[in-house]
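Please open the structure in your viewer and keep the selection tool at hand. Each stop of this tour names what to select and then says what is there.

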Amino acid sequence: MGKNGNGGFSLFCCFIAFGVAAVIAFITYLLPLVSDSITIGSEAMNIMDIIFNVAALVGLTFGALAFAGRRGMLIKVLTGVFVLVFVVAIILHIVGIA
């Protein structure tokens with residue numbers, strides 16, 4: 001993506017991540033409100049939580065990189081640090097440390 005690009009791929013990634021997160025939020029938070037007979041097991045909830053976090057990471061990262069690509073070095077460095085912190089936090093959560 002060039003400096004003058006419209007960020008099409010980044011915007012697409014944000015859209016897909018947003019859609020995945022919305023579906024998981026629906027299944028996790030709204031579906032149980034519709035019916036008391038609908039229960040979601042803890043393993044399924046753990047898997048959906050990981051998918052939700054990864055979708056958020058992908059969407060936010062590509063959006064942030066598209067933004068940072070049009071800004072100065074400080075914003076680019078901060079974006080890199082933020083992405084690194086997010087990735088480490090998700091990995092630690094998946095392996096059960098955090």
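Begin by selecting Thr79, which lies in helix H3, residues 73-95; helices here are DSSP runs of H or I with at least four residues, while strands are runs of E with at least two, and both are numbered from the N terminus. Before going further, note that this is a predicted model, in which local features need pLDDT of at least 70 and side-chain atom pairs count only at pLDDT 80 or more, whereas totals for chains, interfaces and linings use all residues. Residues are numbered from 1 along each chain as its sequence is written, and side-chain values use heavy atoms, with hydrogens and water left out.

Thr79 counts as buried because its relative accessibility is 7%, where buried means under 20% relative accessible area, exposed means over 50%, and partly exposed is in between, with a 1.4 Å probe and protein chains only.

Next, move to Asn53, whose place is in helix H2. Is Asn53 buried or exposed? With a relative accessible area of 18%, Asn53 is buried, and, leaving aside its neighbours within four places in sequence, Asn53 is in contact with Phe86, Ile90 and His93.

For the next stop, select Phe9 and Phe62 and display their rings. Rings of Phe, Tyr and Trp (for Trp, its six-membered ring) pair if their centres lie within 6.5 Å, and planes under 30 degrees apart count as stacked, over 60 as edge-to-face and the rest as tilted. By this rule the count comes to one aromatic pair: the ring centres of Phe9 and Phe62 are 5.2 Å apart and their planes are at 90°, so the pair is edge-to-face. Because Phe9 lies in helix H1 and Phe62 in helix H2, the pair ties together parts that are 53 residues apart in sequence. Phe9 counts as exposed at 54% relative accessibility, whereas Phe62, at 25%, counts as partly exposed.

Which helix gives the largest share of the nonpolar patch? That share, five residues, comes from H1, although helix H1 (8-34) and helix H2 (42-68) each supply at least two residues. Ile16 lies in helix H1 and, at 39% relative accessibility, counts as partly exposed.

Also in helix H1 is Leu11, which is exposed, with a relative accessible area of 56%. Select Gly59 as well: its C-alpha atom and that of Leu11 are separated by 8.3 Å, while the two residues are 48 apart along the chain.

Finally, select Cys13 and Cys14. The structure holds zero disulfides, a disulfide being a pair of cysteine sulfur atoms within 2.5 Å. The sulfur of Cys13 is 7.1 Å from the closest cysteine sulfur, in Cys14, and this is too far for a bond. Cys13 counts as buried at 9% relative accessibility, whereas Cys14, with a relative accessible area of 24%, is partly exposed.

Methods
Contact means heavy atoms within 4.5 Å.
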